[in-house]
Amino acid sequence: MYPFGSGMPYSSHPPTTNEPPPNAAPFGAGWVPPMQQNSPYSSTPPYPPQPSHHQPHQPHQPHQYPPSQHGGYPPYPASSASASASYPYPNSNPYPMTQSHPSPSPSHSHSHNIHQLHGGAQTAPYPYPGAQPATNSPYPTGSGFTPAMTAGYDAGHGHGHGHGQWQGQWHGHEHGHGHAHRSPTAHKEGTPTLFPAQGFDPVKDAHDLRKAMKGFGTDENALINIICRRTNEQRQEIQRQYKTHFGKDLIEDIKSETSGNFEKLLVGLLQPIVDYYCAELNDAMAGIGTDEEVLIEILCTLSNMEIYTIKNQYLRLYGAHLESELKSETSGNFKRLLTSLCTAARDESGRIDPDQAKDDARELLKAGELRVGTDESMFNMILCQRNYAQLKMIFQEYEGMTGHSLEKAIKKEFSGDIMEGLIAIFRCVTNKADYFASRLHKAMAGIGTNDTQLIRVIITRCEIDMSDIKVAFERLYGKSLKSWIKGDTSGHYKHALYALVGEQRSS
């Protein structure tokens, strides 16, 4: 055993961590449809059981980057925070059970399943193994570490969401009762435009970046070819090597060597993705006025675990609770909607209940079009609690009853920010690629360009479903995303955006 402070490992056994599964989806991807097939992100259960006392200890395997042609993504570095978090993570079935199928006792179904999935270790009641949100900082500022990934991926095509194979098994044990059942819908995967670089060498990249900025002038093309062609995880490793080799902060050097939107884009790319989300939320609420569209875009599109992670890091970075900040910056029904979303209490089982969908559709109809005035709380409750697969069925039932979409009813019954928030949820459920295509279009349409919005959508979606967004954009607006970017941006900023959205450089 080595003495403390020697720099050598304390034990011959590597520490156990709640590491994310291989090929985990990037942060911000949302949920994985339960029991999905042919996923490019995971061909094995995302949370394999940990070794128990009945199994020999397996040595820690070094992390390997999957080949990019398989569409795989390496997981983010494991969180350094303790796994014994105390958040009361929601894990209740929103649909009533029938008398003919009584629910099992908690001691049998809940504790027993957790005990098995964790190799015999008793843990807090979270809905899937490894999902505990950290109560402390998930990674130190400036270190480049990002928290462990959520086990989720949202295809962006409104086919329902869950948490992969383990999640399907988990909810099959705990909630497999009554009329509810799993959605048989085939799930389409999202297609990113940015993949992990093959033969990735962070030391070489760090030296090349230093060379590009050293001396008189800056080689902007070198910055684009490295920073805009590496995944977020790879960029964090480059930053660590840059600081190790040169004793300088890469972000600070980028700020000193670039300017304008090109600087804003590169700095955003170099931030850990959770820090980036927190910064966007903070900027949206800072100063006079609030950018409600940013709050809607982020909180309406993320999974429970992703929102918990952002809330943790927001508190650490800005010394304030995100929910309190949202309440102080908004009011009325919109404030209640954001509070519900920030609570992160949505059912994520991916289970559907046709009878409950009919009931919910009737409740929405009675709360809106069939009465004088509007019962906003009913819309808030259903749209913020039901899982995406169930919501899609509710929307179909509503259209069958009324002959028009729920979106049309929302536009009739609501106005202002609450209307925009509810419509954002509706569009994310029905087709998330269309939703983000509309966000890109709005950023560039009309006089001037909302570069902050353009940069945010491209940074957060290029590793998830930007290829699908490009297809949706051309279908909705008749021209390619590249042509719009070309018309609204210029110079190195334009070429950097091209690289992120998978387009070849043009004059």
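Leaving aside its neighbours within four places in sequence, with which residues is His492 in contact? In this predicted model, the residues in question are Glu220, Asn221, Ile224 and Phe262. The protein contains 21 helices and two strands, and 53% of its 507 residues are buried. Of the contacts between residues at least 6 apart in sequence, 78% join residues at least 24 apart.

- Helix H21 spans residues 491-500 and is mostly covered, with eight of its 10 residues buried.
- The buried set consists of Tyr493, Lys494, His495, Ala496, Leu497, Tyr498, Ala499 and Leu500.
- The cover over these buried residues includes helix H4 (220-227), helix H7 (260-270), H18 and helix H20 (481-488).
- His492 also belongs to helix H21, but it is classed as partly exposed because its relative accessible area is 29%, a value that falls between the 20% limit for buried and the 50% limit for exposed residues.
- His492 and Phe262 are 230 residues apart along the chain, yet their C-alpha atoms are separated by 6.6 Å.
- After H21 comes Gly502, which has a positive phi near 75 degrees.

- Thr460 counts as buried because its relative accessibility is 4%, and the class requires a value under 20%.
- The side chain of Thr460 reaches the backbone oxygen of Arg456 at a distance of 2.8 Å.
- When neighbours within four places in sequence are left aside, Thr460 is in contact with Ile273, Tyr276 and Tyr277.

**Cavities**

- The lining of the largest cavity is formed by Leu299, Cys300, Leu302, Asn304, Ile307, Ser340, Leu341, Ala344, Ala345, Arg346, Cys384 and Tyr388.
- By class, this lining comprises nine nonpolar residues, two polar residues and one charged residue.
- At least two lining residues come from each of helix H10 (304-318) and helix H12 (332-343).
- Domain 2 (274-343) and domain 3 (346-430) each contribute at least three residues to the lining of the largest cavity.

**Ala344, a lining residue with positive phi**

- Ala344 is one of the residues that line the largest cavity, and its position is in the loop between H12 and strand E2 (351-352).
- Although Ala344 is not a glycine, its phi is positive, at about 60 degrees.
- Is Ala344 buried or exposed? Ala344 is buried, because its relative accessible area is 2% and residues under 20% are placed in that class.

Key
Residues numbered from 1 in each chain as written. Predicted model: local features only at pLDDT ≥ 70, side-chain atom pairs only at ≥ 80, totals over all residues. Heavy atoms only, no water. 1 Å grid on protein atoms, 1.4 Å probe; cavity = no way out; pocket = protein on both sides within 12 Å on 5 of 7 lines; lining within 4 Å. Helix = DSSP H or I, 4+ residues; strand = E, 2+ residues; numbered from the N terminus. Nonpolar A, V, L, I, M, F, W, Y, C, P; charged D, E, K, R; others polar. Domains from an automatic or database assignment. Buried < 20%, exposed > 50% of the residue type's maximum accessible area, 1.4 Å probe, protein only. Polar contact = N/O pair within 3.5 Å; in protein donor to acceptor, adjacent residues only side chain to side chain. Contact = heavy atoms within 4.5 Å.
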